[in-house]
Amino acid sequence: MNAVPQDRFPTDAAPIIRIRALKKSFGAHTVLNGIDFDVAPSQVVVVIGPSGSGKSTFLRCCNGLEQAEGGTIDICGHRLVDHGVMLKERALNALRTEVGMVFQSFNLFPHLSVIENVTLGPRKLRGASKEQAQSCAIQLLEKVGLAHKAHAMPASLSGGQKQRVAIARALAMRPRVMLFDEPTSALDPELVGEVLQVMKMLASDGMTMVVVTHEMGFAREVADVVVVMDGGAIVEAGPPQTIFSAPTQPRTRAFLQAVLSRA
């Protein structure tokens, strides 16, 4: 079963992400084996599964950071991948302004202040003036609770603060879709909540989000659809109340039992 169910999508909304028969290998190892995947506008899809199941590779394919070898990816009205052929660099860079991504590591520029990190993309890629970019940056830093750190250097921030700056930086490009690749996995446990709170706020604001995470509580509370991956395939997908309370697949039950028993 490789397709995300369609019955939760608004009937009048075409998918903002549409993936068919997606395949990716590293050498002889098949990482993605024919993924079908749709996301509707303003939908929050949370992808869970054991380590090595292909979750992060799938997400990186959605932003062109990994090149798929087969299938198609349509995202934000662009055909990113067409049977192994990816957009040219200029078109790919244009697409990335519409698809924000937040990684496990924060990837902030250490020599730039917080506000400089947030304003760099809009100024360089969207042609915003310094004043426009700074005004937007301050609003976003207020949104993630870090306006008071605007002129701080990344080295002075906690891990949770760095990740919230990374989220603000991605939002500064005014993306239509946000991809999160295990955004809390590098954080100390006491810092996880502040990042998840920002992500919950984005979800309530209607941001389209695809989140790879091990945070089962976040998946239960925020997801419209939970997708379970294993062995490069989608094992099961559905609303969180179904996945967590009445999964249909033995592999899903085994995975959740193992994860939740450690919680």
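Analyst: A residue is called buried when its relative accessible area is under 20%, exposed when it is over 50%, and partly exposed in between (1.4 Å probe, protein chains only). The structure above is a predicted model, in which local features need pLDDT of at least 70 and side-chain atom pairs count only at pLDDT 80 or more, while totals for chains, interfaces and linings use all residues. Residues are numbered from 1 along each chain as its sequence is written, and side-chain values use heavy atoms, with hydrogens and water left out.

User: Happy to start there! Why does Ser-53 count as buried?

Analyst: Its relative accessibility is 1%, so Ser-53 belongs to the buried class. You will find Ser-53 in the loop between strand 3 (44-48) and helix 1 (55-61); helices (H or I, at least four residues) and strands (E, at least two) are DSSP runs, numbered from the N terminus.

User: What is Ser-53 in contact with, leaving aside its neighbours within four places in sequence?

Analyst: Val-31, Met-229, Asp-230, Gly-231 and Gly-232, where contact means heavy atoms within 4.5 Å. The side chain of Ser-53 also makes a polar contact with the side chain of Lys-55, at 3.5 Å. That term stands for a pair of N or O atoms within 3.5 Å; within protein, one must be able to donate a hydrogen and the other to accept it, and residues adjacent in sequence count only if both atoms are side-chain atoms.

User: Which residues of helix 3 are buried?

Analyst: Val-114, Ile-115, Asn-117, Val-118, Thr-119, Gly-121 and Pro-122. The buried residues of helix 3 pack against helix 4 and helix 5. Just after helix 3, Gly-127 takes a positive phi of about 70°.

User: How do you know that Leu-108 counts as buried?

Analyst: Leu-108 has 13% relative accessibility, so the label is buried. Its place is the loop between strand 7 (99-102) and helix 3, and its contacts beyond four places in sequence include Asn-117, Val-165 and Arg-169.

User: Why is Ser-42 placed in its accessibility class?

Analyst: At 41% relative accessibility, Ser-42 falls between the cut-offs and so counts as partly exposed. Ser-42 lies in the loop between strand 2 (29-39) and strand 3, and has a positive phi of about 70° although it is not a glycine.

User: What about Cys-76, buried or exposed?

Analyst: Buried, because its relative accessibility is 4%. Cys-76 is in the loop between strand 4 (70-75) and strand 5 (78-82), and has a positive phi of about 55° although it is not a glycine.
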